[in-house]
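Work through these exercises with the structure open beside you. Try each task before you read its solution.

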Amino acid sequence: MIGVAGTTTTKASGTRIRSRRLGATQRREQLVATAQRLFGERGYRATTMEDIANAAGVTKPLLYQHFASKRALYLELVHQVSAELLEALVTAHKRATGPREKVENGFGAYFELIVTHENAFRLLFGRQAPDDPELFSAVRQVQTAVIDIIEASMPRELQADHRRLLAYAVIGMAEGGARFWVERTRRESAGDPPDATVDDDEATLPDDVHLMTKRVSRLAWAGLRGIDLG
């Protein structure tokens, strides 16, 4: 295992490795990135501070110099990822010139974050949610904030509970589409054959974003434009 920056340690095999010296800010960023990957892949409960330290190539004491606990590290990750997602959604809506473009831009921003930061999606919307009430509440606050942004784009003529219901339905479509993409890419990376029902006419990462955005936003818009205001 690599030790504290600027020192050398001995692995079990006897091989000596010198760690790369990083400044405090760079080291913190590295630890956050490593933790996000492990939490995303394994879930909160199955990931230990020792796992994160080993994956980052540092000692546990160094990790604890930056984060007092696994909970503190997870909370920082949730706040960081949620801030990025919410900023992307708000910016996408501000760029829109009409309701349909709001729908397209919103899905585009959402899917782009998922495709480029898959573990961030797993952190916020993964099926292995933390059983810690404080951590679960933090994640739920992010999801509620996303719902609020979507609801604000709904026709003002609708009753409040109607707008809220539709906002939940739209985010459900986005999450479902994202889960499909994540599961498909995981199968393909594991060497499994692609789903025969999947149209793989677009294979590169940017094209995945564009294709998902086009297909899901069209479905959403077809429903939203036919809303019964009564």
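**Exercise 1. Find where the pLDDT is below 50.**

Solution. Begin with the whole protein. Its mean pLDDT is 79, and 80% of the residues reach 70 or more. Residues 1–19 have a pLDDT below 50, with 40 contacts in the model beyond near neighbours in sequence. Residues 193–205 are also below 50, and this stretch has 17 such contacts. Where pLDDT is low, the predicted coordinates should not be read in detail.

**Exercise 2. Check the span of helix α7 against 1.5 Å a residue.**

Solution. Helix α7 covers residues 133–152, which is 20 residues. The expected span is 1.5 Å times one less than the number of residues. That gives 28 Å, and the end C-alpha atoms are 28 Å apart, so the two agree.

Now ask what is hidden. The buried residues of α7 include Leu 135, Ala 138, Val 139 and Val 142. Gln 143 and Glu 151 are also among them. An α-helix has 3.6 residues a turn, so residues three or four places apart point the same way. What covers the buried residues of α7? The cover includes α4 (70–95), α6 (118–125) and α8 (160–189).

**Exercise 3. Describe the largest pocket and its lining.**

Solution. First the volume: the largest pocket holds about 380 Å³ of space. Of the 20 residues that line the pocket, the closest to its centre are Pro 99, Lys 102, Val 103, Ser 153 and Leu 224. Next, the sources. Helices α4, α5 (99–116), α7, α8 and α9 (205–224) each supply at least two lining residues. The largest share, six residues, comes from α5.

**Exercise 4. Is Lys 102 buried, partly exposed or exposed?**

Solution. Locate Lys 102 in helix α5. Its relative accessible area is 29%. Buried means under 20%, and exposed means over 50%. Lys 102 is therefore partly exposed. Now list its contacts, leaving aside neighbours within four places in sequence: His 93, Ala 96 and Ser 153. For a distance, take Val 90, 12 residues away along the chain; its C-alpha atom is 10.0 Å from that of Lys 102.

Then widen the view to the helix. The 18 residues of α5 should span 26 Å at 1.5 Å a residue, and the end C-alpha atoms are 26 Å apart, so this helix agrees too. Its buried residues include Val 103, Tyr 110, Phe 111 and Ile 114.

**Exercise 5. Which residues is Ala 178 in contact with, leaving aside its neighbours within four places in sequence?**

Solution. Ala 178 lies in helix α8. It counts as buried because its relative accessibility is 0%. The contacts are Tyr 110, Phe 111, Ile 114 and Phe 121. Of these, Tyr 110, Phe 111 and Ile 114 are among the buried residues of α5. Finish with Met 212: it is 34 residues from Ala 178 in sequence, yet 8.6 Å away in space, C-alpha to C-alpha.

Definitions and conventions
Residues numbered from 1 in each chain as written. Predicted model: local features only at pLDDT ≥ 70, side-chain atom pairs only at ≥ 80, totals over all residues. Heavy atoms only, no water. Helix = DSSP H or I, 4+ residues; strand = E, 2+ residues; numbered from the N terminus. Buried < 20%, exposed > 50% of the residue type's maximum accessible area, 1.4 Å probe, protein only. Contact = heavy atoms within 4.5 Å. 1 Å grid on protein atoms, 1.4 Å probe; cavity = no way out; pocket = protein on both sides within 12 Å on 5 of 7 lines; lining within 4 Å. Points joined across faces, edges and corners; volume = space filled by probe spheres on them. pLDDT = per-residue confidence, 0-100.
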